[in-house]
Amino acid sequence: MNYYELFFTTITTEDYQQDLLINALGEIGFDTFEELELGFKAYIPEDVFDQEALDAQLLPYKDLFTFSYEIMLIPQKNWNEVWESNFEPIEIVDKIYVRATFHEPKPEFDYEIVIDPKMAFGTGHHQTTAMMLGLMLENEFAGKKVLDMGCGTGILAIMAAKLGADDIIAIDYDPVCYESTIENSALNNVGNIKPLCGSKEVIPMSNMIPSWPTSTAISLSTRCSVMLKY
């Protein structure tokens, strides 16, 4: 799958203004973002990109602050190189260390997650994913069942496993994400994640969700919203 990379340069007076742009882009199919010193990069599958939709989505913000963008098509064969060249380890609240396979481990952290991003999304760099990882530290996962919708690399499902969750279902409609979740689960020696390829129709409603007491079920999602269910 080919992707478009849009490199946004922003001149803002408030930090939240750039977040408004990122949120607007997420509503029309952009599914990963890389924040930079003077702006950010946004990525969208080639077959999803719609220039007219982009223009309409950006229009309300043109009078609020100054921004511009450059667009480039990134072939699938170069995507791995792009991620490896830009993927730096991250630290979250001094407890979680997220790294790729080509970074050195840091055993002083309570939790280390190894992610080989490939073409799947969810490395912890996007604010929503990082926020979710931090929030997970504040909640009890031991003995609970977890549903991770839009799992990407499987990073949240892996974190749930490390926090003691019992049964974890990780779902994504992208076959690359499905395969990535399988591989990253193995990299982290996690054996209780069940990856599924599809959307809401593959959620095992008949034999799992109804039997989950509300005190033991947690649903995770960073692509559209964040929902915790107790």
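This report describes salt bridges in a predicted model.

## Overview

A search of the whole structure finds 5 salt bridges. Among them are Lys-106 with Glu-91, Arg-99 with Glu-112, and Asp-167 with Lys-145.

## Lys-106 and Glu-91

The side chains of Lys-106 and Glu-91 form a salt bridge with an N to O distance of 3.2 Å. Lys-106 sits in the loop between strand S6 (96–99) and strand S7 (111–114), while Glu-91 belongs to strand S5 (residues 90–92), so this contact ties together parts of the chain 15 residues apart in sequence.

Both side chains belong to residues with some accessible area: Lys-106 is partly exposed at a relative accessible area of 27%, and Glu-91 is partly exposed at 45% relative accessibility.

## Arg-99 and Glu-112

Arg-99 pairs with Glu-112 in a salt bridge whose closest N and O atoms are 3.2 Å apart. The pair links distant parts of the chain, with Arg-99 in strand S6 and Glu-112 in strand S7, 13 residues apart.

Arg-99 has a relative accessibility of 11% and therefore counts as buried, the cut-off for that class being under 20%.

## Asp-167 and Lys-145

A salt bridge joins the side chains of Asp-167 and Lys-145, at 2.8 Å from N to O. Asp-167 lies in the loop between helix H5 (155–162) and strand S9 (168–172), and Lys-145 lies in strand S8 (residues 145–149); the pair therefore ties together parts that are 22 residues apart in sequence.

Asp-167 is partly exposed, with 34% relative accessibility. Lys-145 is also partly exposed, at 22%.

How values were computed. Residues numbered from 1 in each chain as written. Predicted model: local features only at pLDDT ≥ 70, side-chain atom pairs only at ≥ 80, totals over all residues. Heavy atoms only, no water. Salt bridge = Lys/Arg side-chain N within 4 Å of Asp/Glu carboxyl O. Helix = DSSP H or I, 4+ residues; strand = E, 2+ residues; numbered from the N terminus. Buried < 20%, exposed > 50% of the residue type's maximum accessible area, 1.4 Å probe, protein only.
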